[in-house]
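I am new to it and would like a plain account.

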Amino acid sequence: MQGVGWPVWLSTLCRLGLAAVWLVSGAIKAVDPLQTEVAVRAYQLLPEPVVSPVATTLPFLEIGLGLLLLLGVGVRPVAVASVVLLGVFLAGVGSSWARGLSIDCGCFGGGGAADVGPLDYLAEIARDVAFVVVALWLVARPRTPLATGPGSRTSTGLPPGGGPVDDTGGGRRA
């Protein structure tokens, strides 16, 4: 669209990309709940009575975040929730590495005891940090042309009179 700057399109790409990450990771976990429970238990961070509820809830939380981002509903709050959840994942992976556990993170299915080394943990941490950067971009710039939620969309991307859209807050530049 004419008048829509690159930050708006980058926000759209970030929103749809992070939506895909949540939808794929959540769906993989949802179709294999027993493996998800093995993955959650492998971190050895939660009391045993909490492992199953967390393993049951987590995939649907991820799918919910993905659907909201896909639809563009409440992009900024969903991005904040994504940062928080990714922070929990980063803490879990970092904690496992620091405690000398050898586990697959189970981030995209699988999980549990595995033959992993420092490079595996670094790769998982780098990937999650990249996702955090994407989510933080959306916290700062949640408005996209194809979003459906109030406060999450640019109007049409085309301002009256042909001036550029203010891509910092969804308003119009003078």
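A residue counts as buried when its relative accessible area is under 20%, as exposed when that area is over 50%, and as partly exposed in between. The model discussed here is a predicted one. Glu 62 has a relative accessibility of 0%, so Glu 62 is buried. This residue is found in helix 3. Leaving out residues up to four places away in sequence, Glu 62 touches Trp 22, Leu 23, Ser 25, Gly 26, Lys 29, Leu 85 and Phe 89. Ala 30 lies 32 residues from Glu 62 in sequence, and the two C-alpha atoms are 9.7 Å apart in space.

The protein as a whole gives the setting. It has 5 helices and 2 strands, and along the sequence they follow the pattern α-α-α-α-β-β-α. The protein has 174 residues, of which 39% count as buried. Of the contacts between residues at least 6 apart in sequence, 69% join residues that are at least 24 apart.

Next comes the interior. In soluble globular proteins, nonpolar side chains tend to be buried together. The largest nonpolar core in this model has 19 residues, and those with the most contacts inside it are Leu 18, Trp 22, Leu 69, Leu 85, Leu 86, Phe 89 and Leu 138. At least two residues of this core come from each of helix 1 (6-30), helix 3 (48-71), helix 4 (75-98) and helix 5 (118-140). Helix 4 supplies the largest share, 7 residues.

Apart from neighbours within four places in sequence, Trp 22 is in contact with Glu 62, Ile 63, Leu 65, Gly 66, Leu 69, Ser 82, Leu 85, Leu 86 and Phe 89.

The surface remains. The accessible surface of the protein comes to about 8,600 Å², and 72% of it belongs to carbon and sulfur atoms. Leu 16, Leu 67, Leu 68, Leu 70, Leu 71 and Val 73 make a nonpolar surface patch of about 460 Å². Helix 3 gives this patch its largest share, 4 residues.

Is Leu 70, one of the patch residues, buried or exposed, or does it fall in between? Its relative accessible area is 42%, so Leu 70 counts as partly exposed. Leu 70 has its place in helix 3, the helix in which the buried Glu 62 is also found.

Key. Residues are numbered from 1 along each chain as its sequence is written. This is a predicted model: local features need pLDDT of at least 70, side-chain atom pairs count only at pLDDT 80 or more; totals for chains, interfaces and linings use all residues. Side-chain values use heavy atoms; hydrogens and water are left out. A nonpolar core is a set of buried Ala, Val, Leu, Ile, Met, Phe, Trp, Tyr and Cys residues joined through side-chain atoms within 4.5 Å. Buried means under 20% relative accessible area, exposed over 50%, partly exposed in between (1.4 Å probe, protein chains only). Contact means heavy atoms within 4.5 Å. Patches are made of residues with over 30% relative accessible area and no salt bridge: like charges are joined within 9 Å, nonpolar side chains (Val, Leu, Ile, Met, Phe, Trp, Tyr) within 5 Å. Accessible areas come from the Shrake-Rupley method with a 1.4 Å probe; for residues, only the protein chains shown count as cover. A salt bridge is a side-chain nitrogen of Lys or Arg within 4 Å of a carboxyl oxygen of Asp or Glu.
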